[in-house]
Amino acid sequence: AREAYAAGTDAPPPPATAGERFRLEGVQVGAPTLTAGWHLMRCGHDQVAWWRRGAADDESVTAVLRITALPPWTGPDAFADHLRDALIATVPAGYTVRTLRVQPQAGAAQPCAEASLVARAEHLPWRMKARFCYAGPQAQHGHAALFSHAGSDDVPQFEREAADFLAQVR
C-alpha cells in the first residue's frame with residue numbers, strides 16, 4: 001500500500017506501522033500507538049505526519065514532527081513570544097483561541113518549550129500540545145512536535161495520547 005500511495009495510485013493513505021521509527025535531522029519519532037486507526041499522511045525530509053478519524057464524523061486527530069525555522073536565541077521570553085505567535089497561526093479558520101500556554105523547559109540539552117492550546121468554534125473544540133526545540137546553541141532551526149485533536153471534549157484521552165506522542169520524540 002505504501003508504494004502505491006507514494007505513486008499516487010492508491011487511497012486511503014497507508015496505515016501507520018507500530019514500532020516504525022522516522023528520523024529527521026537528528027531527532028526521531030514513532031507513529032502514535034495508544035489508539036488504532038492512524039495513517040501515515042506525509043513522510044519527507046522535513047516532516048512526518050499521521051492522521052486518524054476520531055469517534056465521531058467531525059473528529060480529526062493529527063500528530064506531526066517537523067523541522068522548523070526558529071529565530072536566533074535571545075532568551076526564554078522571546079522564544080515563548082515567538083511560539084505563541086506561531087501557534088496562534090495554526091488555529092483553523094473559524095476557531096477562537098480560549099487558552100494558550102507556553103512554558104520553556106528548564107534543564108533541556110538545547111532550548112525547548114512546551115505549549116498547550118485550546119480553541120473553539122461553536123460546539124467544536126480544538127486542542128493542541130506541542131514541543132519546540134532548537135537544534136543547537138547557535139541554530140536558527142529545530143524541530144516541532146505537534147499533536148492536535150479537533151471535535152472532542154474527551155480531555156483525558158487527548159492528554160494521554162498527546163503525552164505518549166511527545167514522549168516518543170527523541
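Contact here means heavy atoms within 4.5 Å of each other. The model is predicted, so local features need pLDDT of at least 70 and side-chain atom pairs count only at pLDDT 80 or more, while totals for chains, interfaces and linings use all residues. Residues are numbered from 1 along each chain as its sequence is written, and side-chain values use heavy atoms, with hydrogens and water left out.

Select His39 to begin, in strand β3 (residues 39-43), where strands are DSSP runs of E with at least two residues and helices are runs of H or I with at least four, numbered from the N terminus. Not counting residues up to four places away in sequence, His39 touches Pro13, Pro14, Pro15, Ala16, Ala49, Trp50 and Trp51.

Next, select Phe165, which sits in helix α3 (residues 155-168) and is buried, with a relative accessible area of 0%; buried means under 20% relative accessible area, with a 1.4 Å probe and protein chains only. Beyond its neighbours within four places in sequence, its contacts include Trp50, Ala63, Leu65 and Phe147.

Of its 24 residues, Leu87, Tyr95, Trp126, Phe132 and Leu146 touch the most other members. Strand β8 gives the most to this core, with six residues. Apart from this core lies another, of 20 residues, among them Phe22, Ala63, Leu65 and Phe165.

Terms used: Buried means under 20% relative accessible area, exposed over 50%, partly exposed in between (1.4 Å probe, protein chains only). A nonpolar core is a set of buried Ala, Val, Leu, Ile, Met, Phe, Trp, Tyr and Cys residues joined through side-chain atoms within 4.5 Å.
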